[in-house]
Amino acid sequence: MQINLSGKTVLITGAAGGIGRACAQTLAEAGAFVVAVDLNQTGAQETIDGIGSGLALGCDLSKPDAVTALAQRVIAESGGVDSLVNCAGLIAYRKGINAVSVDEWDLLLNVNLRGTFLVCQAFMDGMKARGGGSIVTFSSLAARVGGIEVGIHYAASKAALIGFTRTLAKEGGPHGITVNAVAPGVILTEPVKRQVAGHEEAYTATIPLRRLGLPADVANVVLFLASPLSSYITGTVLDINGGMYMG
Ligand SMILES: NC(=O)c1ccc[n+]([C@@H]2O[C@H](COP(=O)([O-])OP(=O)(O)OC[C@H]3O[C@@H](n4cnc5c(N)ncnc54)[C@H](O)[C@@H]3O)[C@@H](O)[C@H]2O)c1
């Protein structure tokens with residue numbers, strides 16, 4: 001069966017980044033109209049230019065007013081969304097609780113957790129009114145096993161998203177809205193490449209599939225979660241880690 005998202009509008013946050021851009025490309029290839037959102041508006045526009053069609057919008061998800069304005073514009077221009085892919089996030093590498101300042105804690109939680117909350121809140125009523133849809137949130141291997149190199153603030157934000165996802169799944173279910181989280185392992189995007197440089201083999205040795213992940217590995221799962229093929233899956237966490245953690 002071919003996945004066909006023609007006629008569907010998908011909003012992807014973090015669409016200028018490694019995984020977000022791969023999601024945008026993959027869902028667009030399946031026929032979706034992609035709204036690419038990122039703090040980096042130029043990068044979001046590059047994602048849309050690479051696809052050839054769609055809408056690129058700049059937005060700082062840590063700012064509630066900016067998310068409200070984003071939703072108003074998207075609803076005005078595209079009539080609403082069928083799928084939300086909440087990929088935007090800050091990855092922070094720190095060791096030890098004392099290495100994290102209160103300001104850093106607040107920033108990570110505001111972008112990763114509150115940003116996802118604000119986006120879902122802004123579009124939830126519209127999705128209910130459309131009679132269904134799908135929401136994907138971005139957790140992490142760090143939420144499953146504790147951070148390996150990432151900071152405690154990052155792991156906390158990604159673990160909180162699992163409770164968020166399950167609670168929203170209970171609200172969305174009666175309206176035909178599925179809500180699921182993905183929990184990527186070590187995926188080779190720019191911030192991760194920089195961090196693992198010099199010790200990639202140490203990771204590879206711990207991964208049953210013996211390779212680090214690629215953005216496409218995540219995008220393919222997001223495609224599945226945004227498609228009717230996953231219509232009876234909600235409130236779950238899909239681990240995409242080559243077997244580093246088997247839930
Ligand atoms: N790469 C990995 O190994 C990995 C592992 C687990 C989870 N994740 C999660 O996957 C998602 C994507 O990660 P990535 O590796 O592609 O990172 P990335 O840095 O390449 O992309 C993240 C994107 O989020 C955007 N962003 C940051 N702050 C924002 C804000 N305030 N408002 C709007 N956009 C903002 C950035 O501009 C960037 O384009 C993140 O949520 C990350 O936590 C990644």
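**Entry 1: the ligand**

I began with Asp38 and found that one of its polar side-chain atoms lies 2.5 Å from an oxygen atom of the ligand. I note here that the structure is a predicted model. I then looked at Leu39, where a polar backbone atom is 3.2 Å from a nitrogen atom of the ligand. For Ile187, I recorded a distance of 2.8 Å between a backbone N or O atom and an oxygen atom of the ligand.

I next asked how many residues surround the ligand. The count is 29, and the closest are Ile19, Asp38, Tyr154, Ile187 and Thr189.

**Entry 2: the largest pocket**

I turned to open space in the protein. Rolling a probe the size of a water molecule over the atoms shows where empty space is left. The largest pocket has a volume of about 1,100 Å³. I found 48 residues in its lining, with Gly89, Leu90, Ile91, Thr189 and Pro191 closest to the centre. I also listed the elements that contribute two or more residues to this lining: α1 (18–29), α4 (102–130), α5 (141–145), α6 and α7 (190–196). Sorted by class, the lining of the largest pocket holds 27 nonpolar, 14 polar and seven charged residues.

**Entry 3: the second largest pocket**

For the second largest pocket I noted a volume of about 240 Å³. Its lining consists of 16 residues, and those nearest the centre are Gly133, Ser134, Ala226, Ser227 and Pro228. I counted five nonpolar, nine polar and two charged residues in the lining of the second largest pocket.

**Entry 4: Ser157**

I located Ser157 in helix α6, which covers residues 152–172. Leaving aside neighbours within four places in sequence, I recorded contacts of Ser157 with Leu108, Leu109, Asn112 and Leu113.

**Entry 5: Ala88**

I placed Ala88 in the loop between β4 (83–86) and α4. Why does Ala88 count as buried? The relative accessible area of Ala88 is 16%, and Ala88 is called buried because the limit is under 20%. Not counting residues up to four places away in sequence, I found that Ala88 touches Thr13, Gly14 and Leu61. Finally, I compared Ala88 with Gly247: the two are 159 residues apart in sequence, and their C-alpha atoms are 24 Å apart in space.

How values were computed. Residues numbered from 1 in each chain as written. Predicted model: local features only at pLDDT ≥ 70, side-chain atom pairs only at ≥ 80, totals over all residues. Heavy atoms only, no water. Helix = DSSP H or I, 4+ residues; strand = E, 2+ residues; numbered from the N terminus. Contact = heavy atoms within 4.5 Å. 1 Å grid on protein atoms, 1.4 Å probe; cavity = no way out; pocket = protein on both sides within 12 Å on 5 of 7 lines; lining within 4 Å. Points joined across faces, edges and corners; volume = space filled by probe spheres on them. Nonpolar A, V, L, I, M, F, W, Y, C, P; charged D, E, K, R; others polar. Buried < 20%, exposed > 50% of the residue type's maximum accessible area, 1.4 Å probe, protein only. Near = heavy atom within 4 Å. Polar contact = N/O pair within 3.5 Å; in protein donor to acceptor, adjacent residues only side chain to side chain.
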